[in-house]
Amino acid sequence: MKAPDFSYYEAKSLSDAIKFKSQDDEAVILAGGQSLLPALNMRLSSPSCLIDISKLKDLSEIKLDDNSIYIGALATHNQVMDNLIIKENFSSLIEILKMVAHPAIRNKGTHGGSIAYGDPAAELPAFAVANNAKFILSGLNGNRTVEANDFYLGLFETDIKPDEILVGINYPLLKSNEKIVFEEVCRRHGDYAMAGLIAKVKINQSVIENIILVFFATGDRPNLTFNTSKLVVKNGYDYSSLKKSLSSEIDFAGDLNSSAPMKLHLATILIGKILKKLEN
Amino acid sequence: MSIKNSVNISLSVNGESFDNVTVPTRQHLADFLRSQGLTGTHLGCEQGACGACTIEMDGKAVRSCLILASQANGSSITTVEGFDDEVMEKVKNNFLKHNAFQCGFCSPGMLMTTKEIISSKKKLSRDEIRSEISGNYCRCTGYQSIVDAIEESINEIN
Amino acid sequence: MDDMKVNQNPKLGSIDRPNSYIGRSLPRENAKKHLDGGGQFVDDLVLPRMLHVAFLRSPFAHADIKSINVDEAKKSSGVFDVYTAKEIDEFCKPWVGTLGHLGEMRSPEQTPLAKKTARWQGEPIAVVIANNRAQAEDALELIEVDWEEKDAQVDMETALDENAVIIHPELGNNLFWTRTVNQGDVVKAFEESHEVVETTLDFARHTGVTLESRGIVADWNKAETKMTIYHNGQAPHMMQHIIAKHLDVNEGLVRIVSRDVGGSFGIKVHVYPDEMAVAAISKKLGRPIKFIADRLESFTTDIHARCHKISGKLGVDKEGKILAMEINDLSGIGPFSMYPRTSAIETNQVLNLSGAPYIIPNYKAVGTVVFQNKTPMCQYRAVGHPIAVAITEALIDKAATKIGINLDEIRKINFIPDNAYPNKCPSGVPLEDLSHQASMDKLLGMMNIKEIEKQKEDDLAKGVLTGYGVIAMCEVTNPSPLFYGVGGAHISSQDGASIRLEGSGAIHLSSSITEQGQGTEAIMKQIAADQLGVSMDTVRVTLGDTDATPYGGGTWASRGAGIGGEAVLKAARTLKNNILDIAAAIMQTNKDTLDIENNVVIRKNGEEGISLQKLAETVYYRGHEIPKGTNPELLATASFLIEGIPFVFTNSAMGCHVSIDQDTGIVKINKFWAVEDCGTQINPKLVEEQIKGGVVQGIGGALFEECVYDDQGNMQNATMADYLVPMAYEMPDIIVDHVTTNSGRSIIGAKGAGEAGTGGAPAVIMNAINNALGKVGSEVTSQPITPEKILKSLNKI
């Protein structure tokens, strides 16, 4: 499994990388490489050139301002997990990242890489959608902001344009009555989930006022639900009605480890698990 | 800058300098190291899933099959051949004591992961140790003796 | 970890001697190199002028090759040449994977590269030889093949139907082999039974996934007409014969070298077409050729195993005594039987071993093995045992439930008593020196079933499903010539050891047994040092080189300790005897007054002796000082084989406790216990590690591993991320203990211990899961027992 031949270019700056990318539509961006390199080694991908942006230090900043947390696209998962701003303001993200692959992968894999790749079984795209995050893309014509929920268009299909590079993600700061909870079911620790759920909840005096439910590993992209969320707020956990609602909202796609009916069942019980977590 | 299918890299491996070495752009770091006779780093899947190729790059454990040699320009690498400090000697003694290896093929990667566990200075439970090594495949031991060796190493060193 | 057990075997001498090493859990000092990156695996080898190969493999399960055009590929950068069957066949004769001792067995000739038809996805059809593997793979993409896809036969249950796709038209149908075992009269016995229980179980194909993949460097030296093969195989002498035979080379000039092997478990004991092609290429070019299977091709070309569907029936009387057992087993192999051990052995062991621990006067077993357009199947750790033990133990649990007696009780009622040996399996295979009663008693002591039963009720009240299982099994070890040799295979059942005292006082030992990490080298050293009376660090060992070791079988079927170890013991005793003869002559005393301790020939009365080094120096350098007629001999050789019975069996009792999450279907193994009786344990720690590693491999088959195929014969999960091997987090801590019943067949009394864990774990886990599911009226009958299957059984989906 040796990669096919390609050229390698170490970008000197972001604009350099953008320029290079726009000139060659078969060039790909190399950030953490933890998804790209396996694809190359298995010859599932034959780019003309790898544009290495991994050494652009200013793209890995993590900043806090009045109402948002900014995570630079090149911050590695472990950098995010070790970061004080994240620990103090966004600890749910750390808990979620513990489920992502394994430590050595997390030392290289980047936040932006996972977001931009858009694997429907991954946690971070769903996390971004649940938080209504804003993605900052930089291209030949400058910067563009896209809302997370508008970014994922289909199976590994995103709104990123050929000349664009994802440079950072803005997450709104959680208000005092807001909480992120998540649950996933996987065969082995660190594997992609059979089904997962990230929920952003607004609680008012122990009552759930609003709940955003985003499922992952269920379809071809993060699955944000509407009617199901409303049902949960209205009636709490009821397996049959929630299952019925989910089956009408999400186009479940089975995979090697779980069929579509199983994912539907798991998605339903995940709501129950989330609600139980909130009680505690 | 012109584009070639080979690049020149300079890096240090286990304290030894490699200056201006020409590598194919597509060659991953594990293959580069092995081509230099440092065959302790093993290939089990070239997909990042088995952990056999785990080495230390600039102080962090990484999968060397998922890094291009080209990217290692300017880096400081430590492979299993370079695990000779006092801490790792204790770890290796515990691995030997508990027979925490049989065929030895997973050992370099397993030791690298262990090095990172020890460096974190955290006192981990057996379950937590299992979680930390959950990305290193071993077919021979069933993992229990490895957990035993790491548990004893944590208790001894930290 | 110095673990002095009670003297396991008085025949070996007192455990109070300074050099008493047998039975001690000494660390493997010789293996420390692995922790320093000092292993010598096949891929680490670089030879001058070595070339690398990559194979073009069929993407289809069944397709005709109308034409292959390699012209463009040959021009690719770094390519030396590209071959198809035409070039390879000139240098390698085809083979047939059949043996003569198991009845009629039909498998067609097989060549290294497919000629006109590819019959499994992954079958090699062309090979690129290049400067490096990457360039070889580049050229693969330039080979043009005109394929004509055919229907594939991928369902073993329809393989013998009238409208099945006949994989080998010249054979007329897809039947490879069938056998019926018939003891007593099952029909009558079932009629007389108080209760009859039935079940049908199915087991998915899975594979070994050795972390180090298959690899070979073949080096044909034209000037010396010598073929040297560096190979990570288990049986070097077997390969020596096969290379010689098929490549038309003088067998005495074939050298097979097996250094460090990164796990094998039977995967690397078979003959693979791609490896034979590599040897042929080397012979043709007169240069070293290297092939290392990558992970993707390992999944589709390493042998698969365990694809079985088995129905079973058990009849018991009112008290639960078994009157009859009947099984019918179907297995789907690949399109060829593997060479040279045949793909019949797995099924044969299912027929031979079902019901093995028990007295079953009426037993009928039918096995049918059919061809499939899938990866070839053959022996993989615990060959056939997982199926044999699972069907037996599942039926016994069902009978216990029906009759209303405890799971352990029904087994105890039916065990062959510990004092009733020699005896026979229900199938008629001879058994001796086993301890099912003592082992089960020991297991029960470890498990505390009363507590588990009580906990189960408490758990159920809280909505948590828990269950437990206990099983008993026999494990095939230490095979005799009646396993393979009798059928015509050049697979040695006799192994040898050669031991010498050198001028420096060092001891050199060589053995025909090989090492794949289980600790062969360590235990050989322990035996030699123990029996000679020298310190461990005096002994160095050579294994895995047909030029430098005695002739023998290698390591497989758990024969290393029992057969190879006995040869070492005998050779060491002979050398000791020789040394004492010389010492007696030199010291002018009676041999009976002497012994060897800590490398010194001592006088038993405490007076001064002579060091082995000084004795050796005298013999080698100053022979004139030794009394004439002494004929000093500091080299000894001995061999050993098992005679008169097909195998030496071990027995195990295993238990486990599981929890089932009713929402997710995920099974957690809370606890696992194993009691193993493998006779003398040369190094108890290493035995324990074999059990633990084996159990985890068995958990893989029980809960995680399967080769998933679509209906066109495409393997769907042939990557390391998709094929689920056991990783650390999900595995339990395993508690191991022992009963010791030495084998009467040897002085050392050791039996094998390498496979029981893998053989018994799937059965006990399935029983524990069904013990839990039984509380809510459901069961599972298909392995791997995935969360989806659990949820389906609970009617959640």
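How many salt bridges are counted between domain 2 of chain A and domain 3 of chain A? The count is 0. The model is predicted, and this report goes through its interfaces in turn.

## Domains of chain A

The domain assignment divides chain A into domain 1 (7-52), domain 2 (60-172) and domain 3 (178-279). Taken over C-alpha atoms, the centres of domain 2 of chain A and domain 3 of chain A are separated by 21 Å. Domain 2 of chain A puts 25 residues into the contact, and domain 3 of chain A puts in 18 residues. Together these two domains bury about 2,000 Å², with 66% of that area on carbon and sulfur atoms. On the domain 2 side, Met99(A), Pro120(A) and Ala130(A) account for 26% of the area buried against domain 3 of chain A, more than any other three residues.

Although salt bridges between domain 2 of chain A and domain 3 of chain A number 0, the rule finds 4 residue pairs in polar contact across this interface, both residues being at pLDDT 80 or more. Helix H5 (91-97), helix H8 (123-130) and strand E8 (152-154) of chain A are the elements that give two or more residues to the side of domain 2 that touches domain 3. H8(A) gives the most, with 6 residues. By class, this side of domain 2 of chain A has 16 nonpolar, 5 polar and 4 charged residues.

## Chain B against chain A

Between chain B and chain A, 32 residues of chain B are in contact with 31 residues of chain A. The two chains bury about 2,700 Å² between them, 55% of it on carbon and sulfur atoms. Within chain B, the residues that lose the most area to chain A are Arg26(B), Leu66(B) and Gln71(B), together 25% of what that side buries.

The count of salt bridges between chain B and chain A is 2. Lys2(A) forms a salt bridge with Asp31(B), in which the closest N and O atoms are 2.8 Å apart. Strand E3 (54-57), strand E4 (60-63) and helix H4 (126-132) of chain B each supply at least two residues of the side that touches chain A. E4(B) provides the largest share, 4 residues. That side of chain B divides into 12 nonpolar, 12 polar and 8 charged residues.

## Chain C against chain B

For chain C and chain B, the contact involves 52 residues of chain C and 48 residues of chain B. The area buried between them is about 4,100 Å², 55% of it on carbon and sulfur atoms.

Across this interface the rule finds 7 salt bridges. Arg139(B) forms a salt bridge with Glu705(C), the closest N and O atoms lying 2.9 Å apart. Residue pairs in polar contact between chain C and chain B, both at pLDDT 80 or more, number 24. Helix H3 (133-140) and helix H16 (684-704) of chain C are the elements that give two or more residues to the side touching chain B. H16(C) gives the most, with 8 residues. The residues on this side of chain C comprise 23 nonpolar, 14 polar and 15 charged.

## Aromatic pairs

Over all chains, the structure holds 21 aromatic pairs. One of them joins Phe176(C) and Phe371(C), a tilted pair at 5.6 Å centre to centre with 55° between the planes. Phe176(C) lies in strand E7 (residues 175-183) of chain C, and Phe371(C) in the loop between strand E17 (362-370) and helix H9 (385-403) of chain C. The pair links distant parts of the chain, 195 residues apart.

Notes: Residues numbered from 1 in each chain as written. Chains lettered and ligands numbered in written order. Predicted model: local features only at pLDDT ≥ 70, side-chain atom pairs only at ≥ 80, totals over all residues. Heavy atoms only, no water. Contact = heavy atoms within 4.5 Å. Buried area = accessible area lost by both parts, 1.4 Å probe. Salt bridge = Lys/Arg side-chain N within 4 Å of Asp/Glu carboxyl O. Polar contact = N/O pair within 3.5 Å; in protein donor to acceptor, adjacent residues only side chain to side chain. Nonpolar A, V, L, I, M, F, W, Y, C, P; charged D, E, K, R; others polar. Domains from an automatic or database assignment. Phe/Tyr/Trp six-rings, centres within 6.5 Å; stacked < 30°, edge-to-face > 60°.
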